[in-house]
Amino acid sequence: MLLNAPEAKAFDLSQEPKESYDIYNTGRFGLGCLMARRLVEQGARFISVTTEYEPFFGWDTHDNGHTRLKDMKKMIDGPVAQLIKDLERTGRLDRTMVILASEFSRDMMVEGRPEAKVQEQVDQPDVIHELKHYGMHRHFTDGCSMLMFGGGIKKGYVYGKTSDERPCKTIEKPIKIDAVHQTVYHALGIVGDTHAVIEKRPIYTTPDGLGKPELELFS
């Protein structure tokens, strides 16, 4: 049983040296990164660290986006950077892929995509008078970024491009989420047509088993 297994010590953060613990301890998310590192050291195969609600007091930034994002960076940047450094230092980064992703991008004026707007979810004044109106308010789906570290991914490499001016839509090498998934599968050694048969129907890891990884991302 896990409770009695030696691996269970990964969950005991009191065993972490104070200097290291303090770097990670920016809140629940930061300690989640510390827990993730300790679980990797014990051989865990898949770990998800989420922001939930407590660290960010609600993850949407529909108002006060400018000030709230600054506070989020304080909670996220240090622990993520330390996680990558610790994995690199112990020789685990090459065989551990770390993905930092969010649900949406944000734009002040466009909900959805420029050519396919959807119903407005917040009221944006025509003239901004208050700081709370600054920030990235809407669910913008035409340009979003994610960070990928380790697992054979090129270091310091930028794939794709968004426009310099708002609404900052993707203008070069757009990549959809299924291709991101297939890229991760490729790193794990799982081919695109891997599938399970359920009720006589094949359920593939990628759409119809035809998904392709983006090999340009790999060293």
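Ten salt bridges are counted in this predicted model. Salt bridges with shared partners join E16, R37, R38, E41, D86 and R89 into one network. The protein that carries them has 219 residues, of which 32% count as buried.

**Salt bridges around R37**

- The side chains of R37 and E16 meet in a salt bridge, with an N to O distance of 2.8 Å.
- R37 belongs to helix 2 (residues 28–41) and E16 to the segment before helix 1, so this pair ties together parts that lie 21 residues apart in sequence.
- R37 is buried, at 7% relative accessibility, and E16 is buried as well, with a relative accessible area of 8%.
- R37 also forms a salt bridge with E41, where the closest N and O atoms are 2.9 Å apart.
- E41 and R37 are separated by about one helical turn, because they stand four residues apart in helix 2.
- E41 is partly exposed, with a relative accessible area of 30%.

**Salt bridge between two loops**

- K169 and D142 form a salt bridge through their side chains, at 3.7 Å from N to O.
- This pair links distant parts of the chain, 27 residues apart: K169 is in the loop between strand 5 (161–162) and strand 6 (170–172), and D142 is in the loop between strand 3 (116–117) and strand 4 (147–150).
- K169 counts as partly exposed at 29% relative accessibility, whereas D142 is buried at 15%.

- S20 is located in helix 1 (residues 18–24).
- With a relative accessibility of 15%, S20 counts as buried, because the cut-off for buried is under 20%.
- Apart from its neighbours within four places in sequence, S20 is in contact with L34 and R37.

**Nonpolar surface patch**

- I99, M146 and I177 make a nonpolar surface patch of about 240 Å².
- I99 is placed in strand 1 (residues 97–100).
- The relative accessible area of I99 is 38%, so this residue is partly exposed.

**Overall architecture**

- The protein contains four helices and eight strands, which follow the pattern α-α-α-β-β-β-β-β-β-α-β-β along the sequence.
- Among contacts with a separation of 6 or more, 63% are between residues 24 or more positions apart.
- The protein exposes about 14,700 Å², and carbon and sulfur atoms supply 55% of that area.

Terms used. Residues numbered from 1 in each chain as written. Predicted model: local features only at pLDDT ≥ 70, side-chain atom pairs only at ≥ 80, totals over all residues. Heavy atoms only, no water. Patch = residues over 30% accessible without salt bridge, like charges linked within 9 Å, V, L, I, M, F, W, Y side chains within 5 Å. Areas by Shrake-Rupley, 256 points an atom, 1.4 Å probe, with all protein chains shown as cover. Salt bridge = Lys/Arg side-chain N within 4 Å of Asp/Glu carboxyl O. Buried < 20%, exposed > 50% of the residue type's maximum accessible area, 1.4 Å probe, protein only. Contact = heavy atoms within 4.5 Å.
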